[in-house]
Amino acid sequence: MRIGGRMGGLDELDEGALLRRIRGGDRLAFQQLYRAYFSRLARFLDRMTRNVPLVEEIINDTMMVVWQKADTFDGSCKLSTWIFAIAYRQGLKALRGLDVPLEPQEDQAGDAAQEPEHAMAARQLQQGVSRALDQLPLEQRMVVSLTYYHGMAYQEIAETMECPVNTVKTRMFHARIKLKDMLSAHREEMQ
């Protein structure tokens, strides 16, 4: 998520400089870009695949494409949009190649410093949201993830997912309705 114009420790100017160095074969620049994007891509791909070993493989495949195709980046979108688009396509490719159904993973426990009843309620809510997101169709889940977890605008999401902006808006509209219904049901169960 963007904070003060900076993403993952690098701003767009830093990323552009790194990409120019990568085009020249600079492995240290590539390592720096890899580290800057690893956790962001891991969160995105975990939401997409729900398969931790697969996530790391997809990140490696994504960054290999970045290394090999750095000279094809034309600047028509943000570098982050280009990298996320590659990750999205690599994730779809990996999911098509799986033979086993994906199982949702339990989220990490909440902050241990919280009061036990608050921590349990927060964890139950987090698990409810996670389960609700997992029940969305892949395209809707990705729109929600890119919007709320990665701070992307609809135009960036459209470029990442290679679809029109109106398609992104429609997917978000339907995702919100489904999430509202599922979370309302979860809330009723908790009472």
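Reader: What percentage of the 191 residues in the protein is buried?

Author: This is a predicted model, in which local features need pLDDT of at least 70, side-chain atom pairs count only at pLDDT 80 or more, and totals for chains, interfaces and linings use all residues. Residues are numbered from 1 along each chain as its sequence is written, and side-chain values use heavy atoms, without hydrogens and water. Buried means under 20% relative accessible area, exposed over 50%, and partly exposed in between, with a 1.4 Å probe and protein chains only. Of the 191 residues, the buried share is 39%.

Reader: How many helices and strands does the protein have?

Author: Helices are DSSP runs of H or I with at least four residues, strands are runs of E with at least two, and both are numbered from the N terminus. From that terminus the elements run α-α-α-α-α-α-α-α. The count is 8 helices and 0 strands.

Reader: How far apart are the end C-alpha atoms of helix H1?

Author: The expected span is 1.5 Å times one less than the number of residues. The 12 residues of H1 (residues 12-23) should therefore span 16 Å, and the distance between the end C-alpha atoms agrees: 16 Å.

Reader: Which residues of H1 are buried?

Author: On the other side of H1, Leu13 and Arg20 are exposed. The buried residues are Glu15, Leu18, Leu19 and Ile22.

Reader: Which helices are included in what covers the buried residues of H1?

Author: Contact means heavy atoms within 4.5 Å. The cover includes H2 (27-49), H3 (52-69) and H4 (79-96).
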